[in-house]
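Subject: Structure for you to look at

Hello,

Here is the structure I promised to hand over. Please open it alongside these notes.

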Number of protein chains: 2
Amino acid sequence: MANITKKVSWSSRADESGATGEGTPLLNGSEQPRHSRQIGRLSTVDLEEEITSEEDSLRGRPKEIPHNEKLLSLKFESLDYDNIENQLFLEEERRMSYMGFRCLEISRWVVCGLIGFLTGLIACFIDIVVEELAGFKYQVVKENIEKFTEVGGLSISLILWAVLNSAIVMVGAIIVAFFEPIAAGSGIPQIKCYLNGVKIPRVVRLKTLVVKVCGVICSVVGGLAVGKEGPMIHSGAVVAAGVSQGRSTSLKRDFKIFEYFRRDTEKRDFVSAGAAAGVSAAFGAPVGGVLFSLEEGASFWNQMLTWRIFFASMISTFTLNFFLSIYHNKTGDLSSPGLINFGRFESDSVAYNLYEIPLFIAMGAIGGLLGALFNVLNYWLTIFRIRYVHRPCLQVMEAMLVAAVTATVSFTMIYFSNDCQPLGPEHTEEYPLQLFCADGEYNSMATAFFNTPERSVRSLFHNQPDTYNPLTLGLFTLTYFFLACWTYGLAVSAGVFIPSLLIGAAWGRLFGRLLAAITSSGSIWADPGKYALIGAAAQLGGIVRMTLSLTVIMVEATGNVTYGLPIMLVLMTAKIVGDYFVEGLYDIHIKLQSVPFLHWEAPATSHWLTAREVMSSPVTCLNRIEKVGTIVDTLSNTSTNHNGFPVVVQVTGSDEPAKLCGLILRSQLIVLLKHKVFVELARSRLTQRKLQLKDFRDAYPRFPPIQSIHVSQDERECMMDLSEFMNATPYTVPQETSLPRVFKLFRALGLRHLVVVDDENRVVGLVTRKDLARYHLGKHGLEELQLAQT
Amino acid sequence: MANITKKVSWSSRADESGATGEGTPLLNGSEQPRHSRQIGRLSTVDLEEEITSEEDSLRGRPKEIPHNEKLLSLKFESLDYDNIENQLFLEEERRMSYMGFRCLEISRWVVCGLIGFLTGLIACFIDIVVEELAGFKYQVVKENIEKFTEVGGLSISLILWAVLNSAIVMVGAIIVAFFEPIAAGSGIPQIKCYLNGVKIPRVVRLKTLVVKVCGVICSVVGGLAVGKEGPMIHSGAVVAAGVSQGRSTSLKRDFKIFEYFRRDTEKRDFVSAGAAAGVSAAFGAPVGGVLFSLEEGASFWNQMLTWRIFFASMISTFTLNFFLSIYHNKTGDLSSPGLINFGRFESDSVAYNLYEIPLFIAMGAIGGLLGALFNVLNYWLTIFRIRYVHRPCLQVMEAMLVAAVTATVSFTMIYFSNDCQPLGPEHTEEYPLQLFCADGEYNSMATAFFNTPERSVRSLFHNQPDTYNPLTLGLFTLTYFFLACWTYGLAVSAGVFIPSLLIGAAWGRLFGRLLAAITSSGSIWADPGKYALIGAAAQLGGIVRMTLSLTVIMVEATGNVTYGLPIMLVLMTAKIVGDYFVEGLYDIHIKLQSVPFLHWEAPATSHWLTAREVMSSPVTCLNRIEKVGTIVDTLSNTSTNHNGFPVVVQVTGSDEPAKLCGLILRSQLIVLLKHKVFVELARSRLTQRKLQLKDFRDAYPRFPPIQSIHVSQDERECMMDLSEFMNATPYTVPQETSLPRVFKLFRALGLRHLVVVDDENRVVGLVTRKDLARYHLGKHGLEELQLAQT
């Protein structure tokens, strides 16, 4: 847990992305933050009347050795969820008629419908391909095992299985590690960050989607302890980001539609819808999808937006159900749920009683404990990986190793298990392995291992009470726990939902079996499937720590609301217990990437901090009419790398200090420079086309870096009039505003830059995302993260 | 639809509430708005550079004869959902340790648990009392009818029934009309307004709760076409507002707990939780409750808050289930849902197919149409009531009339119906009326009418396909539609959910029967219960126009998620179709009360308006150190009745204009005056206790009016230092800010006053709720509502 020197990060290829202009680092006033802040403090020392002794003592505390998670990376850009209301924008809005707005609204619905449809299609594609390939693989291995069970030499079967798995996983790992590292993992942390307002490079690109889809197919077919649900959420988000822009930069196609949506605000809304559609397709849970989007992403709840998200979710489930019904030869039967199917819980078998509530709560606590253990182990593993396994070939090798080990362990467990069960007449197992069992019987350990994880979950929920014996369940839980923990974080695209559910279902079922054993004559205890469900919820809740959305997802996936109440209880208990030890898995990974993530509220004990303390200062300001040379120099200054500049107006010939009159972004300046919108040129060439909003939209979101724009020496002497392009009414706060108040404004409006002014409306500083994300509540009260270029 | 002169409004007893200080009207700059705005415009005429010709033409348009719904009442005060961060508050927050915040957080959870528990108890109480009383009543009437069926003279039974109903309803109407008019109706519009930030006088008082609970029992037992679900939501909100304050002003008890929560921000959060708990208890839908609160109320989505709301919902359902399970002698069986029980929809009978989707959509459209018709009729009726039925005794008489008519119509329908059905062996009807049917048969029209509405809904959902013949269903729909429409808006406390569901279930079942008749051999059409459910959803959606929360509520109430998708489709169709004609029922009633309700976003075509146009100006400002006399005069000025005052600082002896340095509320000034916090007194009496936050909390929320505070002539010459008490960092916007931007800031942060400043930080105006609510999108583009003291 010491300081990490080199790391494999979400934005690892800084060199490459720097060239495309997306990695261009961060925020105004970011460089040498501690130093410049010190200057800022000195310069405003006359106003410094509220520094308490408490604050001083905290600042004087010796710094600990910086851990990796105590750093805040400066590499991540912010998204701008506040509309840039400059003159161009306002003119466009004012020109637009009521019908125009209606059409826009309708196209938003159309886009959401498309998002849902495409996401559903992708989910369908993944599901069918996985089913076919996995079926084929299991068929081959099964035949092989059966052959060698008779003639002896089962080690050959083991080798076949392990090699097959490794080979498939290798393909998945190679495309991820070499082509698109951001496609690794479930993608949920990345989408969380995106919705929070952090720009994760390449996260919503077409290439990422392709790699993600192929990668997840390989991981699941390759027999890893992974699920395909997390990646679906990421896929939905990419689809949304693509469809809503009406063009693909990767494919170099611009359909000239939806141009109005080419800005962060609109795009974010669609990405929310995409993520919801992904959840909806993955779990057959449209409402759960909406709640997921809101719980993980949104800050401002808007009714119309929520309905659109809901619509996308609905279409997504609908599309998936429809195509799957065709695939399963039940065309038109739309009642089946999403990718994961928990099977039907019939109402009669699912009754529960008051005296079971304490048991459920106990299971929630177990889930919280096991979840915390899982997260801690995975945290250490991730640290290890960041330190030692950062080269793509090493990552591929690790993935192959895990695949081989998974196969070997599974095989060994199956081999040494003697849990033979009679093969019922309706036998629900798709690949029953007889092995050394008597004829008409099958090995029940094999059912758990020799299957896609989804099927295993279902069989744990629904099989006859005595299908698995306790030893099988215990061993399975143990091995699968460690396998899943090892697997999450590999350079393959894979989700953690299904493995968590599987672990939980296994120990939950075990719990149910034990209960049934100690209470002799209770028919209510007789159904271990119920406890498997509760265990699954507890384990998943303990790992990912969602409550509301997860409850709804579980309820929708089981198709029965009777369990709503116990599932809620269990998830809440799991969260409370788990949070006592360690954060949720996604948050851990976000922290390990040093992302400036903004939580819901400012830390409770931060009222003694004011805007003056947290802001970055001094700030580079531009004049309303500024020399081109100055602008180019400001933008080229690699030691500052500011992204937003307050625009000030100086009364000519007067001594008075400059007043704030607007805010302009780096990206806007770049476009202005590219189109050479100089005052002198406008005068000489009267025919020159006036710059329009369209020019900014065409450049969005991949604005070229300043280096690629040539400005001649003559042009450097020209002037640029920013009045028309700057946001003339940026939000401001006085210096005395407390941190929670600043935080609330910033978070509620999704700001990127917040100007701090004195009582004469002069700029004294700028608050950006990293200034706020820096403060967090640690074990010893308020802590301040360090900023670093990692 | 002409101008309404006298009206019965939610805040009807202005005289009485004026004395308690709650009705003290509105916002800074509210009086003579058009006039003073004109002045403001003249005074800032030099900045007036953006008045477009479009705007002029709109302003120049001749005003229509003012309709009632084109007015915006100035009587409603706003709530302050933005923390008043003055020095006292900050000092308290800074003093508080991390453990202190943890304890606060825990007490928030405790309060939410209590809210859920008490709401569940109340729901349970209502349910049991209604069941017992209604059972008793139906028993009496049934015996009477049976007696007179044999001997003739059924008109005596009719009279008995009608008189019984009228008498019960009279009790309910009297307590509502004479004691607490705000308890009339479902309470949902009022809670919507409260959560939106409008202070509706007396809406969350204990007296309101008592009247509401007794009133709803009387209405339901009195056989009106009403439900008990809406009132549950209101009851939950009152419980929340009471419990969270740790005291009852009505009972004059202060438990000295939860003092921290005595401000609008915290109280609002708890009221959200209460409303959610109410929904949860009413429908057995905890998730639906959370969504209802969010969809109708919240603007800023906070994860922790959502979880607490969820917790309250959960506890509420749990409590209700537990106590009802005792009542039903199935102690500990918690699987039964809330007040309304749709009964079990078993999965086998509920499958649906692709080709049914168009039918569902068609049903949604029918629901939308019928809903719009319902709303239009009710709108006219409400206008009529506002004009002519505003005296309490008239209201009571109308309620009795409706009760008598309902009984008579029901009786007539039953009498002339010849829809006899065989009494099955398991007969599910609780009060089967034989009337003129053969022995062993019962009258099926009587099942629909001679029952509490909840039971009728259930029987329409679940009875055997041929239970009701089409004529019965058609007649029932027709009569019940008009009865329900007439009933909603009476001076009784009653909800519209159940009647809507019942109407919808009836025509939905009719639809199903007709389908089954025209398609000879389709077993899938055979179950009219499915169509009854869809019809119920469509009708309810068409009337109240909720989508997301209603979907979840319906799904949770049916206990089966299979219908999620069709219900969503139906609700969305109903909303789209209905919105084409008229708004939702709740919105109509809110509008008819002229409440300054803020919608989610500013009207789309309002970008040409800026803060300068919408703000109220000139504004009465106070100096940082102000003469007591000035303050008293300002507060006493009944022609202005401001509620918030910008505090400015004037450099003594300088010519420079005053700069904004804070914002103080009327309520704060009142407390300061009451405690005589004068500079001179502080100097002379050194022992004087320093005013603390506690003093403000003790006075919250019923601050005395200025008239009740005696200030002597000497004291008028004293000075008051406001620095410590004003909010030193109010949010401000420049004058050029566009209306949508102002709106977004105002709505997202739940502001009450937003100061408009010029570029020198001088106050030029104040934006309040009514300034923003004034603009709305009508049929002819942007319309401006008139402000009035109605």
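First, a question: does T472(A) count as buried or exposed? T472(A) counts as buried, because its relative accessibility is 5% and the cut-off for buried is under 20%. Bear in mind that this is a predicted model.

T472(A) sits in helix α17 of chain A, which covers residues 470-487. Leaving aside residues up to four places away in sequence, T472(A) touches D419(A), S444(A) and M445(A).

Next, the surface. I106(A), V110(A) and L114(A) make a nonpolar patch of about 250 Å². V110(A) belongs to helix α5 of chain A, residues 98-151. V110(A) is partly exposed, with a relative accessible area of 43%.

Now the interface. Chain B and chain A bury about 8300 Å² between them. Carbon and sulfur atoms give 65% of that area. Chain B puts 91 residues into the contact, and chain A puts in 91 residues.

On the polar side, 17 residue pairs are in polar contact across the interface, both residues at pLDDT 80 or more. Six salt bridges are counted between chain B and chain A. K659(A) forms a salt bridge with E760(B), with the closest N and O atoms 3.2 Å apart.

Several elements of chain B supply at least two residues each to the side that touches chain A, among them α4 (87-95), α5 (98-151), α20 (548-558) and β13 (732-734). α12(B) gives the most to that side, with eight residues.

Best wishes

Notes: Residues numbered from 1 in each chain as written. Chains lettered and ligands numbered in written order. Predicted model: local features only at pLDDT ≥ 70, side-chain atom pairs only at ≥ 80, totals over all residues. Heavy atoms only, no water. Helix = DSSP H or I, 4+ residues; strand = E, 2+ residues; numbered from the N terminus. Buried < 20%, exposed > 50% of the residue type's maximum accessible area, 1.4 Å probe, protein only. Contact = heavy atoms within 4.5 Å. Patch = residues over 30% accessible without salt bridge, like charges linked within 9 Å, V, L, I, M, F, W, Y side chains within 5 Å. Areas by Shrake-Rupley, 256 points an atom, 1.4 Å probe, with all protein chains shown as cover. Salt bridge = Lys/Arg side-chain N within 4 Å of Asp/Glu carboxyl O. Buried area = accessible area lost by both parts, 1.4 Å probe. Polar contact = N/O pair within 3.5 Å; in protein donor to acceptor, adjacent residues only side chain to side chain.
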